[in-house]
Amino acid sequence: MSKIKELYNKFILSQQNIPLLALIISILVIILAWITQFLVSHLPFTIDNFVKIHQTNHVLFLIDFFPFVSYLLLFIIEQKRKDEKNKFNKEIEKREQTLNAMADFAKQIGEGNFKSRLDIDTHNNILAHSLFLMRENLASNHKKETEQSWIAEGKEIISDILRMHNKIEELSIKVIQELVKYVSAVQGALYIYEEDKKILRNIATYAYNRRKYINQEFKLGHGLIGECGFEKEYIYRTEIPDDYATITSGILGEQKPQSILLVPLISDEKLQGVIEFASLNKEIPELTVRFLIELGEVIARTLFNLRINQKTEQLLQEAQIMTRELQENEEQLRQNAEEMRATQEELQKSNEQLATNILKVENAQKRLHSLLENASEIISIYNKDFELTYESPSVGNILGYSTDEMMSGKDMDRLTRKGETAYRDMFKQLMENPKKPVTIQYTYMKKNGQKIFLETTGRNLLHDSAIQGIILNSTDITERKRAEKEERMRSKMQALSENSLDLIMRLSTVGQFFYANPITKQYLGLDVKDLLNRTLNEVEFSDILFNYFRETIEQVKANPVKANAEITIPTKINDVREDRIMSFVAIPEFNENELETILFVGHDITEAKRIELEIQDKNRKIEDSINYAQRIQTSILPDNRIIREYLPKSFIFYRPRDVVSGDFPWFFQKGDITYIAVVDCTGHGVPGALLSFIGYFLLNNIVDHDKEHSAASIIDDLHHRVRKTLKQDYMDAEARDGMDIAFCRIDSQKKELQFSGAHRALYMLRSGELEEFKGDRKAIGGIPQKNKEEKEFTNHVINYSSGDKIFFFSDGLPDQLGGPELKKYSPRRIRENIVENKNLSMEEFNTFFAKDFEDYQGDNKQIDDVLLIGIELN
């Protein structure tokens, strides 16, 4: 800036001597005029003759005054130049001050001062506007990080308190005390919910850094506390009820809170209590509310666990009391027993025989119960109405349910629909044919959620007086089913592996070969019989394969999961030696949860790899060609800087779908006329880009050769030339390609805008109102329709005013799918965005549309090229 100022001053100094030089030249001109007049008049040079020649030729009077007039005019011009110099210097100083202010503003932002001010008009200063946006973004991020840090720190403090205390009263006091301090409240209270009484009882109150001893109870739904507990939603009030408690302080006196917050403590959708906070501030910050709501769940879970622990302790204490009472009663009974001993001795002889018989019966019952409890099958008895009347104790070991649970309906509840149907069919058959046993198999869900297979054999013993029911013997056959399945799978595996083209081998964890399929000989050159029961060290094959087997076995032993690897091994197939690329999978096999063997499956991927490399090479060449085409296309597209020289208040939002695009902006300046267009060629990517070259050069040729063309006549001419170029100018043509266009001709001297469109419209924003100029419903190019005369394109002539804004775009913008309902972006959304943001500058419109389009698209794929041009007319 200072360099420019210095050069300007030198220029001004060089111009200061011009008036004096002009005066000298003027005087010389006068003298020359006098001499010429004397020579023409043939008069000698005297004073009288000097007067005489002036009387004879009045022009000499004008010539005499010429030096003074010219000097005066040059003097006035010199004064104007000095004024311009001073004005220029002031403008330079003003810009230096602006740059210094912005530099200081950026420095303040870098040092973390996000409240610093910059008194500069950001609408006309892009750098200042960008600095403001940067400050707002940094301040927003700093605020979010501070809030998250504050919440995390508060949670950590309260979590430490929750871990340190196991008494609800102590924990409540510490929690409410710490929370009141942390959230800068003046009073807090914690209410515990007593479910049996349906009340919320105050167990901790804290205010002005002191604990308060207040005993309050609220029924659910009564008062703010009860309402919060009943609704299980937080309550935030800034209008405090008249009957709400006041806060008394030696400093502040007696005051009523200005705002209160009540948060329910909920764990597993069950109310555990309510916490209440009061503040003298008119509002409780939203961050504090969010923090207390999140923390409420943590406190609720802790209260729930502590109440369970306290209840357990209470039950333990009651059991201890009952034990002491029983011990006391036992002593009393012992004394009574002494008194009755004499009587018992008399009865002993008669009872001994009875006791012996009872003992025998009890032992028999115990043996029977023990046998039934440890039996490998379940015995069930149903009456004729299909009601369970007996369940053997073995049901606990096999199914996990007690006999009481089975009697209450679990015998049918845990059956699948197919199993229940089989059960009922079995009963039906037993009732129809009592002498024939019936066996069924079905699945059953154990108490622990495990699904097992049961086999049940039913017999009809309703006629048996000892049973009087239908007896079922059920056995767990899960292991038998698994073994049968494994055997079937093993047989299938054996058949598949014998005929497989893949290399399949099974090795032990010490490297011993247990199995190898016939294809092994083709790849390893070894017969299967030379491998079986031999170890890796005993078999001669390539070092690559040996090292792979050894390392993979160690890897699977350390981490028994499936392992994949690709290795290249030397082979001899059909007497031809070559390296083959093998994809190996090592699968661990277990027996009773212990690693027993490892199954190696090798698939020959040599051809696949070769094809993959060929495809990669072709893709690389295609990508190089497309990238080169993109560079060519970019080089011919108009430069934004050149456009802004003629249309300073304009923007181009351009987003190709692929590397090269079928949409392109076109610009041409000819004298005072500006031509600009949005062109949307058929397709996108490479085909669209090829058409874009045709459109670009045809438009250049049309506009360059005739200045007087209207907008409509230009695209009419383009329409016919595209047809001719693509050989579409006859009925049976095959090429149906073409393009849509929004074409503008701007005459800045006449303030006249001409618009013509093919399937594309133009929006004009004038005085806050939006007007749409629709294009014709036909495309540029394409095959002519038989027996139908084509109409020329419509030419819209618009007299515009400074400040009018125009927008025109390709169909890729309104056709983009997105949003929550996966709908099109739509022309309606574009119109609404323009009207709702009518006061934005064109640069701000560019930023707005870019962000709005990206947000609307979300994670959805871009379906077409997108091009939007906006211009504020001058």
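Buried means under 20% relative accessible area, exposed over 50%, and partly exposed in between, with a 1.4 Å probe and protein chains only. The model is predicted: local features need pLDDT of at least 70 and side-chain atom pairs pLDDT 80 or more, while totals for chains, interfaces and linings use all residues. Residues are numbered from 1 along each chain as its sequence is written, and side-chain values use heavy atoms, without hydrogens and water.

Not counting residues up to four places away in sequence, Phe291 touches Trp150, Ile151, Gly154, Lys155, Leu179, Tyr182 and Val183, where contact means heavy atoms within 4.5 Å.

Elsewhere, five strands form an open sheet in the order 11-10-14-13-12, with antiparallel pairing; two strands pair if DSSP finds at least two bridges between them. Strand 11 (388-391) and strand 12 (438-445) are the edges, each pairing on one side only. Neighbouring strands of the sheet are turned by 25 degrees against each other on average, direction ignored. Axes are lines fitted to C-alpha atoms, for helices over the stretch in contact, and angles run from 0 to 180 degrees between N-to-C directions. Strand 10 (residues 377-382) is joined to strand 11 by three bridges, and Ile381 stands opposite Tyr390 in strand 11.

Two helices meet these strands. Helix 10 (residues 403-413) packs on the sheet, touching strand 10, strand 11 and strand 12, at about 145 degrees to strand 11. Helix 11 (residues 417-432) lies across strand 10, strand 12, strand 13 (451-461) and strand 14 (469-476), at about 155 degrees to strand 12.

In helix 11, Gly419, Tyr423, Met426, Phe427 and Leu430 are buried. These residues lie on the same side of helix 11 because they cover an arc of only 95 degrees around the axis, taken from the directions from the helix axis to the C-beta atoms. The cover over them includes helix 10 and strand 13. On the other side of helix 11, Arg417, Lys418, Lys428 and Glu432 are exposed.

Note on methods:
Helix = DSSP H or I, 4+ residues; strand = E, 2+ residues; numbered from the N terminus.
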